[in-house]
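Hi everyone, thanks for coming. I'd like to walk you through a structure today, so please have a look at it while I talk.

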Amino acid sequence: MTSEIRRKALLDGGAVINAYPKSNGGYLKSILLLKGRAIDTFLVPLTISTVNAIIWTLLIQYPFKSSFVIQEEPWGSLYTLVLTTSLAFMLVFRLNRVAIRWWDTRTMWGSVVANARSLTSAIVEHCSHDLESRDEAICWTAGYLISLKQHMREEDGHFNYDELTGFLSKDQVDKIIASHHPCLYAASEIRCAINRACTVTADTPIALATLYVSNLRLIEHSLDVLIYNMGGLERVRSTPLPIVFVTHLRTFIMFYLLSLPFLYGHTWGWGTIPAVFVTSYALLGIDGAATECESPFKKRPNHLDMESFCITAFDDIEQIVRHNHEMQERQQRRNSY
C-alpha cells in the first residue's frame, strides 16, 4: 500500500515530464508538438525580429517604395562569408556543449540509481546482525534520492511527504527540510547508521572486527559515489556556459535577423515578413533549445524525469529487501533440518 502511495505521488509530481511524448515516439508526433519546443525561451527576440520586419516592409512598400533600393551583391557576399558561416559555427558549438551537459546529468543520475542499488544490497547483506541500523540506513537511502531530486530543482523546502511514506516519518522529513543541505543530511544519517552496525569495540573478536571494517569500507564507497554525483549535478546547475559565448552568438543572431528586411525587403516585398519570421524561428529556436536543456532539472518536457528515476530506485530497493528476507527464511529452514 505504501509503495502505491509513493508511486502515485511521484507520478503526479513528474506528470509534465513523463506524460509528454518522447523523441523516439514517432516522426509525426514529434513534429506536431508545441510545448516541447520551448518557445517561451525565445519568444521575445522572435517578436522583436518579426515586428522589425513588419515595420521595414511597410516603409519599403509605401513611403520608400521607389527611393529605397539596396544593391544585394556586395552585402549578400558579406552575409554568406561572415554572418552565415559564423552563426553556423557558433550554433553548432552551443548545441554540442549543451548536449554534452544534458547527457552528463543523465549519466550522473544513472550512477546515483545504480549505486543506490549497490548500497542497499551491501547494507542488507552486511548489516543483518543489527536490524535496526540496517533498516534505518535503507530508509535514509530512499530519503537521499528524494532529497537529491528536490535539491536539484531548488525546492529543498517543499517535500511531498507521500513520496517517502513507508521509508521516513513526517518528523524525519521535516528534519531534512530544516537542514542546510538535505542531501548531505540524508547521507550523514546513512553513514551514522552503518557505522553503528559496524562498530568495533575492545570485546569484538579480531576476525569479526576485520570483517566489519572491510564491509564498512565497501558500503562507504557506494555512499561516496552518491555524494560525488550530487556534486557533479550541482556543478552543471550552477555553471552555465560562459557568458562570452552566449553574448557573442545572440548579438550576431539579432544583428542578422534585424538586418534581413533592410537588405532584402525591396526584393522579397511582402514575403519579407514570413521569410524573416521563419528564419528567426529557425535560428532562435536552436538557441532556445540550448537554453532549455542547459540545466535540465525543472518540471519541463525536455528536462530529466527524476521522478521516474526515484520510482525505479525505490522498486529496486524493495526487491532487494524482499529477496534478502526470503533468503534469510530459506537459510533458517535449512538450519532447522
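How close do the axes of H6 and H9 come, and at what angle do they cross? Before I answer, please keep in mind that this is a predicted model. In it, the two axes come within 11 Å, and the crossing angle of H6 and H9 is roughly 10°. An angle under 35 degrees counts as roughly parallel, so that is what we call H6 and H9.

Let's see who does the touching. From H6 we have Tyr144, Leu148, His151 and Met152, and they meet Leu226, Ile227, Met230, Leu233, Glu234 and Arg237 of H9. Sorted by class, the contact between H6 and H9 has 7 nonpolar residues, 1 polar residue and 2 charged ones.

The largest core has 53 residues, and the members that touch the most others are Trp109, Ile123, Tyr144, Leu145, Leu148, Leu168 and Phe314. Helices H5, H6, H7, H8, H9 and H12 each supply at least two residues of this core. Which helix gives the largest share? That is H6, with 10 residues. As a general reminder, nonpolar side chains in soluble globular proteins tend to be buried together.

Beyond its close sequence neighbours, up to four places away, Phe314 touches Arg6, Leu10, Ala142, Leu145, Ile146, Glu163, Leu164 and Phe167. There is also a second, separate core, this one of 18 residues, including Phe42, Leu83, Leu249 and Leu257.

H4 covers residues 43–61 and H10 covers residues 243–268; their axes come within 9 Å and cross at roughly 20°. H4 and H10 are therefore roughly parallel too, and their crossing is right-handed. On the H4 side we find Pro45, Ile48, Ser49, Asn52, Ala53, Trp56, Ile60 and Gln61, facing Met254, Leu257, Leu258, Pro261, Phe262, Gly265 and His266 in H10. What is the make-up of this contact by class? It has 10 nonpolar and 5 polar residues, and no charged ones.

Is arginine 94 buried or exposed? Arg94 sits in helix H5, residues 72–126. Its relative accessible area is 3%, and since buried means under 20%, arginine 94 is buried. Apart from neighbours within four places in sequence, Arg94 is in contact with Leu241, Val246, Leu249, Arg250, Asp287, Ala290, Thr291 and Glu294.

Next comes serine 222, which lies in helix H9. Ser222 is buried as well, at a relative accessible area of 6%. With neighbours within four places left aside, serine 222 is in contact with Asn115, Ser118 and Leu119.

Finally, alanine 193, which is found in helix H8. Ala193 is buried, with a relative accessible area of 0%. What does alanine 193 touch, not counting residues up to four places away in sequence? The partners of Ala193 are Ser133, Glu136 and Ala137.

Key. Residues numbered from 1 in each chain as written. Predicted model: local features only at pLDDT ≥ 70, side-chain atom pairs only at ≥ 80, totals over all residues. Heavy atoms only, no water. Helix = DSSP H or I, 4+ residues; strand = E, 2+ residues; numbered from the N terminus. Buried < 20%, exposed > 50% of the residue type's maximum accessible area, 1.4 Å probe, protein only. Contact = heavy atoms within 4.5 Å. Core = buried A, V, L, I, M, F, W, Y, C linked by side-chain atoms within 4.5 Å. Axes fitted to C-alpha atoms, helices over the stretch in contact; angles between N-to-C directions. Parallel < 35°, antiparallel > 145°, perpendicular 65-115°, else oblique. Left-handed = near helix turned anticlockwise from the far one by under 90°. Nonpolar A, V, L, I, M, F, W, Y, C, P; charged D, E, K, R; others polar.
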